[in-house]
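Here are my notes from going through this model, point by point. Have the structure open while you read.

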Amino acid sequence: MMDDRDDMVVAQEVRRAYAYLGAVTERPTAQLWDLVDEVGPIEACDRIRAARVPEALAEQSASRRDRVDGAALMAAAGEVGAHLLVPGDPGWPAHALEPLDRPRWRRGGRGGVATALRPLGLWWRGTADPALSLGRSVAVVGTRAPTPYGRAVTADLAAGVCAEGFAVVSGGAFGIDAAAHRAALGAGGCTIAVLAGGVDRLYPRGNDGMLRAVAESGAVISAQAPGTGVTRYRFLDRNRLIAALSRATVVVEAAARSGALSTAAWAAALDRPVGAVPGPVTSVASVGCHLLVRDRGAVLVGRTADVIELAGDMGETTAPPTGDARPWDGLDDVTRRILEALPITGGAAPAEIAASAGTAPTTTRAVLGRLLSTGAVVRGPEGWRRSGDGGLQLTIPAT
């Protein structure tokens, strides 16, 4: 019988195995996951190192199988306060990542063309609880070259969803990503930056300070092992992870060929809601958002309530916009017509008021009596008129 210490050793062995498996191929493939599902992560490592695997997997792992060291990767992560979250861990987002394994993404099925599936682990640098933060999250993404309008809308939306208890997920890049992270930090909310490289190589370097702040109160995460640099295709892989880890994706500003559109495409493919913020029709920065709404079924988003409707639980909404309250709000049609027929100065007889309002004389006299009791109208020597403030500062009970 193993004691607790033995259990811990086994757990670390499994974790080191997942660290190795996550780095031995460039992307997690169907062939790799088939092996892990069949024999477990530790045996899978042994077979890959010995090249005792199917030909497709042997080819995928050939250049790295003798170079990757799972223990060294975990040590490198530990140096920056990160750890590896793996399947079976509390907080592992299985519900969010498993849709990446849908058969349509395999393009050839098991044994066919290698395509990226769900990651074998997430390198997690930060204090945020994975279960809490990823259980209620919204992706806010967009161009690296936003307009002042885009920055302002991003700040409002990110702060707003944080106030509603959502974590803001983005890519840590310049522009809309950075605006979303900073707004969440400023609002005291949780934000998660998903990187295209290792969590020990904060990128872009110009956002180093911001990303460190994100790690202090939220999390900086990656499917790429520590020490991994960024490439174009890793950014695309990062985008699919952002989409998978979020309940909904909101694109604030995006050009026609913006990388943010790939995040939106992944979200739609994973059956996650997509929202797009409209902009001026003359703005190049909003062309991609307009295309999402016109051609790809994205929901037009203009305020926090729209995002909550996309990402919240069934039936969850925020109060709709009502505009400023007006003194005559709630009045019935007859009362409103009689009030509007009353002069502000001088006076008028009930018959004149009834004719102007198009109401019966008896109804007009009854309404005038009620309005007199509220102070909305006065009766003087010249007849009936609105009170000195025009009856506009009073709330009149409707009949």
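1. How many aromatic pairs does the count come to by the ring rule? The rule pairs rings of Phe, Tyr and Trp (its six-membered ring) if their centres lie within 6.5 Å, with planes under 30 degrees apart called stacked, over 60 edge-to-face and the rest tilted. By this rule the count is 1 aromatic pair. Tyr 203 and Phe 235 form that pair, which is tilted, with 6.1 Å centre to centre and 50° between the planes. Tyr 203 sits in the loop between strand S5 (191-194) and helix H10 (208-217) and Phe 235 in helix H11 (residues 232-244), so the pair ties together parts 32 residues apart in sequence. Helices (H or I, at least four residues) and strands (E, at least two) are DSSP runs, numbered from the N terminus.

2. Before going on, the ground rules. This is a predicted model, where local features need pLDDT of at least 70 and side-chain atom pairs count only at pLDDT 80 or more, while totals for chains, interfaces and linings use all residues. Residues are numbered from 1 along each chain as its sequence is written, and side-chain values use heavy atoms, leaving out hydrogens and water.

3. Tyr 203 has 40% and counts as partly exposed, whereas Phe 235 has 19% and counts as buried. Phe 235 also has the charged end of Arg 144 over its ring, 5.5 Å from the centre. Elsewhere, Arg 136 lies over the face of Phe 166, 3.8 Å from the ring centre. The test here is NZ of Lys or CZ of Arg within 6 Å of the ring centre and within 35 degrees of the ring normal.

4. Now the salt bridges (a side-chain nitrogen of Lys or Arg within 4 Å of a carboxyl oxygen of Asp or Glu). The structure holds 14 of them. One joins Glu 26 and Arg 234 at 2.9 Å, N to O. This pair links distant parts of the chain, with Glu 26 in the loop between helix H1 (4-24) and H2 and Arg 234 in helix H11, 208 residues apart. Glu 26 is partly exposed at 22%, and Arg 234 is buried at 11%.

5. Arg 27 is partly exposed at 31%, while Asp 237 is buried at 13%.

6. Helix H2 (residues 30-39) is mostly covered, with 7 of its 10 residues buried. Among them are Trp 33 and Asp 34. Just after H2, Gly 40 takes a positive phi of about 90°.

7. Please have a look at Arg 386, in strand S11 (residues 383-386). Arg 386 is buried yet has no salt bridge, and the nearest side chain of opposite charge, Glu 340, is 6.5 Å away. For charge, Lys and Arg count as positive and Asp and Glu as negative, with His and the chain ends not counted. The side chain of Arg 386 does reach the backbone oxygen of Leu 339, at 3.0 Å.

Definitions and conventions. Buried < 20%, exposed > 50% of the residue type's maximum accessible area, 1.4 Å probe, protein only. Polar contact = N/O pair within 3.5 Å; in protein donor to acceptor, adjacent residues only side chain to side chain.
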